[in-house]
Amino acid sequence: MNIMLDNLIYDKNMSENLKQEFIKDIRRETINISFLVESLLKLSRLDANSVKFISKEVYIKDILEEAIKKLIFIVS
């Protein structure tokens, strides 16, 4: 991401298409990093036993549909 940002800042002759591609790549990577940070925070809460689990019945179909929605957002 830093290399792409440096190129965006300092390469005055960069084509508009390449600029847009770099911006999309940077956006995708920031989303991925945010997801990783959130996951690490959740894991740290689990490790610290600060999360209380509630047992309830759930439908696998609902869980899978929600996971697919999130994956589609990350991939696009």
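Modeller: A helix is a DSSP run (H or I, at least four residues), numbered from the N terminus. This is a predicted model in which local features need pLDDT of at least 70 and side-chain atom pairs count only at pLDDT 80 or more, while totals for chains, interfaces and linings use all residues. Residues are numbered from 1 along each chain as its sequence is written, and side-chain values use heavy atoms, leaving out hydrogens and water.

Biologist: Which helix holds Leu64?

Modeller: Leu64 lies in helix α3, residues 60-75.

Biologist: How many salt bridges does the structure hold?

Modeller: A salt bridge puts a side-chain nitrogen of Lys or Arg within 4 Å of a carboxyl oxygen of Asp or Glu. The structure has three. One of them joins Arg28 to Asp25, with the closest N and O atoms 3.0 Å apart.

Biologist: Why are Arg28 and Asp25 separated by about one helical turn?

Modeller: Because they are three residues apart in helix α2.

Biologist: Which residues of α1 meet α2?

Modeller: Contact means heavy atoms within 4.5 Å. From α1, Met4, Leu5, Asn7 and Leu8 take part. They meet Lys19, Phe22, Ile23, Asp25 and Ile26 in α2.

Conventions. Helices (H or I, at least four residues) and strands (E, at least two) are DSSP runs, numbered from the N terminus.
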